[in-house]
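Please consult the sequence and the model alongside the text.

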Amino acid sequence: MPFTVVRMNLVAPHEPPETLSARYRAAVEMAAYADAHGVDTVQTEEHHGTGNGWLPSPFAFAGAVFGATSRIAVTVSAIIGPLYDPLRLAEDIAVLDLLSGGRLVTVAGIGYRPEEYEQAGVEWGRRGKLQDLLLETLLKAWTGEPFTYEGRTVRVTPRPFTQPHPMLLVGGSSKAAARRAARLGLPFFPSAHLPDLEAYYREQLALHGTEGWTMMPAEKTPLLHLSEDPDRAWALYGEHFLHEARMYASWQSKDIRSAVRSTAATVAELRAEGVYRIVTADECAALGAESLVLHPLCGGMPLEEGWRSLRLFTDDVLPRLHG
């Protein structure tokens, strides 16, 4: 049975605060509905200063989801690690891990937008060293024991629910990210289907004498929207998908690899490309994919259309998959 994901990044271009508030509340309600119908995880993200409301605070959103659910995981994929204070992040994740009973999954990357570093007052050129410091500090902090941090003795409490520590993966598409994960004995989350990089990570595990595993996207991982009439949905809502696709593509340099990278400039090109797909429930059930990623509120999608997509997925597709 495929792994099922509901993606929520709360992108909503030109939406005023009063309607954006309704979108946030709807996202939490959708997460609760997904939880009740057997979806595996809500996946959320982090970006700053985007101009279209791309979620900047994934852990606050995760806390709201945990308060409304009982079994579904929340995967934060990914945080921009060097922008965080390591001790405060250790506390925040520990609290969420306790609150959720171990349902938080954090993927730590270093990002790819220098303007986010500039906004946070963090030096772009130090991002690798800062990421090392963050990950090393989290692992020490979650023991609950005193340790030395930047020349002083500190202790982080409370200890998390999950032992030996909350689920933490290292994300990225570089050899440096793979080496970092292997050195620390952490799982590796490549940002795209990169078998050569996975092999390199395994080589590094052997070199460092550590253990780990890879959570790698499939070769094709389309973002899905369900509709009883895909042609009509593309005509009405295609611009929402195109908005997100074009903004995300504008951030990608030639060295960045992403499972959802698009080069489309028009709705027609986006539809033909297949990175974003609108499918019927029958087509979704027949995809045979390793994972199904539903994106019900993509690009500021009207709430009622997002709900239609989610209900088709949970009420029509999932019962067939659970079969």
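Contact here means heavy atoms within 4.5 Å. In helix 2 (residues 58–68), the buried positions are Pro58, Phe59, Phe61, Ala62, Gly63, Val65 and Phe66. Buried means under 20% relative accessible area, exposed over 50%, and partly exposed in between (1.4 Å probe, protein chains only). Helices (H or I, at least four residues) and strands (E, at least two) are DSSP runs, numbered from the N terminus.

The model is predicted: local features need pLDDT of at least 70 and side-chain atom pairs count only at pLDDT 80 or more, while totals for chains, interfaces and linings use all residues. Residues are numbered from 1 along each chain as its sequence is written, and side-chain values use heavy atoms, with hydrogens and water left out.

## Helix 5

Helix 5 (residues 127–141) has 15 residues and should span 21 Å at 1.5 Å a residue; its end C-alpha atoms are 20 Å apart, which agrees. The expected span of a helix is 1.5 Å times one less than its number of residues.

Leu130, Gln131, Leu134, Leu135, Thr137, Leu138 and Ala141 are the buried residues of helix 5. They cover an arc of only 165° around the axis, which puts them on the same side of helix 5; the arc is that of the directions from the helix axis to the C-beta atoms. Their cover includes helix 3 (86–100), strand 4 (104–109), strand 5 (147–149), strand 7 (167–172) and helix 6 (175–184). Threonine 137, located in helix 5, counts as buried at 3% relative accessibility. Leaving aside neighbours within four places in sequence, threonine 137 is in contact with Pro86, Leu87, Phe147 and Tyr149.

## Aromatic pairs and charges over rings

The structure holds 10 aromatic pairs. Rings of Phe, Tyr and Trp (its six-membered ring) pair if their centres lie within 6.5 Å; planes under 30 degrees apart count as stacked, over 60 as edge-to-face and the rest as tilted. Tyrosine 112 and tyrosine 248 form an edge-to-face pair, 6.3 Å centre to centre with 85° between the planes. Tyrosine 112 lies in the loop between strand 4 and helix 4 (114–120) and tyrosine 248 in helix 8, so the pair ties together parts that are 136 residues apart in sequence. The rings of tyrosine 248 and tryptophan 251 have centres 6.1 Å apart and planes at 70°, so this pair is edge-to-face. Both tyrosine 248 and tryptophan 251 are buried. Ring pairs link Trp54, Tyr112, Tyr248 and Trp251 into a cluster.

Arginine 113 lies over the face of tryptophan 251, at 4.4 Å from the ring centre. Arginine 127 lies over the face of tryptophan 124, at 3.9 Å from the ring centre. A charge sits over a ring if NZ of Lys or CZ of Arg is within 6 Å of the ring centre and within 35 degrees of the ring normal.

## Glutamine 252

Glutamine 252 is placed in the loop between helix 8 (230–250) and helix 9 (267–273). This glutamine 252 is buried, with a relative accessible area of 9%. Glutamine 252 and histidine 47 are 205 residues apart in sequence and 13 Å apart in space, C-alpha to C-alpha.

## Pairing of strand 11

Strand 1 (residues 3–8) and strand 11 (residues 291–294) pair in the parallel sense over four bridges; two strands pair if DSSP finds at least two bridges between them. Phenylalanine 3 has serine 291 as its bridge partner in strand 11. Strand 9 (residues 223–226) runs parallel to strand 11 and is joined to it by two bridges. Leucine 223 has valine 293 as its bridge partner in strand 11.
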